[in-house]
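Today I'm looking up the ligand site and the pockets.

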Amino acid sequence: MNTTHALTQLPQSSLFRKGDVFVLFGELFGRGYASGLVDQARKAGMDIVGITVGRRDDNNALRPLDADELAAAEANLGGRIINVPLMAGFDLDAPAGEPTPTDLLNELTLKTWESGTLDWAHIDTCRAIGTERFRTGVAEVMAQLEGMIGAGRNVFFAHTMAGGIPKAKVFMVIANRIYKGRGDRFMSSQTLLDSDLGKLILQNFDEVSANTFGHLIEGSAALRARIEAGGGQVRYTAYGYHGTEILIDGRYQWQTYTNYTQGYAKMRLERIAQAAWEQGVKATVYNCPEIRTNSTDVFAGVELPLISLLEALRKEGGGAWAESQWQACQALLADGFTLQDVLDKLAAFHGSAVMQRYRDFAAWPMPNSPEQADIQIGTSEDIVGMHKDRKALITDLLSTLVLEASGALIFNGSAAPAGPVLWLNHDIIARQLNALHA
Ligand SMILES: NC(=O)c1ccc[n+]([C@@H]2O[C@H](COP(=O)([O-])OP(=O)(O)OC[C@H]3O[C@@H](n4cnc5c(N)ncnc54)[C@H](O)[C@@H]3O)[C@@H](O)[C@H]2O)c1
């Protein structure tokens, strides 16, 4: 797999129309990638159906949404929600009366976690229970969905699930240091991966961010067969991440956020799409650019590449609208700072010997290092410090633009998808935005 699997043309076909069904496989958050896709489905007049991950009661038991929660979720989505809890991952699953993986993690302390061992036979049992719970939930969801899709309709399944960080106190501290720590607070991501704690977390990421896509494709096989037999078409999309090509030194170059521990799960997600594609299922993982969402706030510096989109907007034929985005971004900076100052800071970051070592596609996802954490987190903090208001950032504005472009590219691209794994790099994002605002 390499980034030559990039979407390079604005998709021209269209497939989905009024009365077709769009199924969002994950919950919708305002800043999240899925909102760009849901907007497209709404504009096309599709019926929108969602799911819920459910909620936990005081004893950590998973429950459906209550009436108020359901009404709020349906209003937010603008569609019906199938109220069967589809929380993925096995961090809180266990045979009755036995400890969950999170309970086991909670026995570890900041002093013991590196050498602490876990009972893998027990973890395997918990994993099997969690997987079965999820698959049973998917079967119930599909049974309800059957009745919502009329003959001759096309169906778009949009997978958005990613996560799996267990709520264990010790890991909250470790995560903060791995993703946000520098200097004395730096912590090596490789040390985490070498520990039993890290190995458990990687398994949970696989379950949430990758295997759920497989369960969706498998669990909807009967529905897919029925729809296709009636002349309808079915598509599956998922959001991947595997670095992005952005403008560095005037040309598009691949770069990545480091350390992306979740990268192993994202590569597994790619393999799931490839395997499905080989079976004739139109399943595509779209590897998307770095943006700021509820899920990325933990990763300090993940937003840095996004700023280069401003340059891509100009390079890809941007006119008055692109210039107005430059002006809107300039207006967010404090007196005395210009966008050029921000871009110079970014150029120094990408040009540094430290960060150039991290532009190694084959070695992805590379572990963090003290020098890399220092320059990445430092640059991020410096750029935030150039703003008038830390809560109104250039990267907030640019994130909304990427949501808009990616929504259109994925929605239109899914009419005639070009392959199982496609990168949306800054060139095509910028071209799509310029086309939408011409
Ligand atoms: N934000 C980025 O920079 C970026 C870049 C590339 C790809 N992506 C991917 O885009 C997708 C959406 O993420 P986002 O950044 O928009 O954030 P988000 O927080 O809006 O979305 C996260 C999604 O994961 C679901 N989820 C979380 N934990 C879950 C669990 N245990 N079980 C089931 N579902 C769970 C949530 O319901 C939600 O739908 C993810 O697959 C993410 O990896 C994000």
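How far is an oxygen atom of the ligand from an N or O atom in the side chain of Lys 266? I get 2.8 Å, which I log as a polar contact (a pair of N or O atoms within 3.5 Å).

Before going on, a note on the source: this is a predicted model, where local features need pLDDT of at least 70, side-chain atom pairs count only at pLDDT 80 or more, and totals for chains, interfaces and linings use all residues. Residues are numbered from 1 along each chain as its sequence is written, and side-chain values use heavy atoms, with hydrogens and water left out.

Entry 1: Ser 295 uses a polar side-chain atom instead, 2.5 Å from an oxygen atom of the ligand. Next I checked burial: the ligand alone exposes 820 Å², and the protein buries 91% of that (Shrake-Rupley areas, 1.4 Å probe).

**Entry 2: largest pocket.** Where does the ligand sit? I find it in the largest pocket (more than half of its atoms lie within 2 Å of the grid points). A pocket here is an open set of points on a 1 Å grid over the protein atoms alone, where a 1.4 Å probe fits, with protein on both sides within 12 Å along at least five of seven lines; lining residues have an atom within 4 Å of a point. I read off about 1600 Å³ of space for the largest pocket. Its lining has 49 residues, with Met 161, Ala 162, Gly 163, Gly 164 and Ser 295 nearest the centre. Helix α7 gives the largest share of that lining, four residues. By class I log 26 nonpolar, 16 polar and seven charged.

**Entry 3: second largest pocket.** I get about 300 Å³ of space here. Among its 15 lining residues, Asp 297, Ala 300, Glu 303, Ser 380 and Val 384 lie nearest the centre. Helix α14 (residues 370-385) contributes the most, four residues. The lining has six nonpolar, three polar and six charged residues.

Technical notes. A polar contact is a pair of N or O atoms within 3.5 Å; within protein, one must be able to donate a hydrogen and the other to accept it, and residues adjacent in sequence count only if both atoms are side-chain atoms. Grid points are joined across faces, edges and corners, and a volume is the space filled by probe spheres set on the points. Helices (H or I, at least four residues) and strands (E, at least two) are DSSP runs, numbered from the N terminus. Ala, Val, Leu, Ile, Met, Phe, Trp, Tyr, Cys and Pro count as nonpolar, Asp, Glu, Lys and Arg as charged, and the others, Gly among them, as polar.
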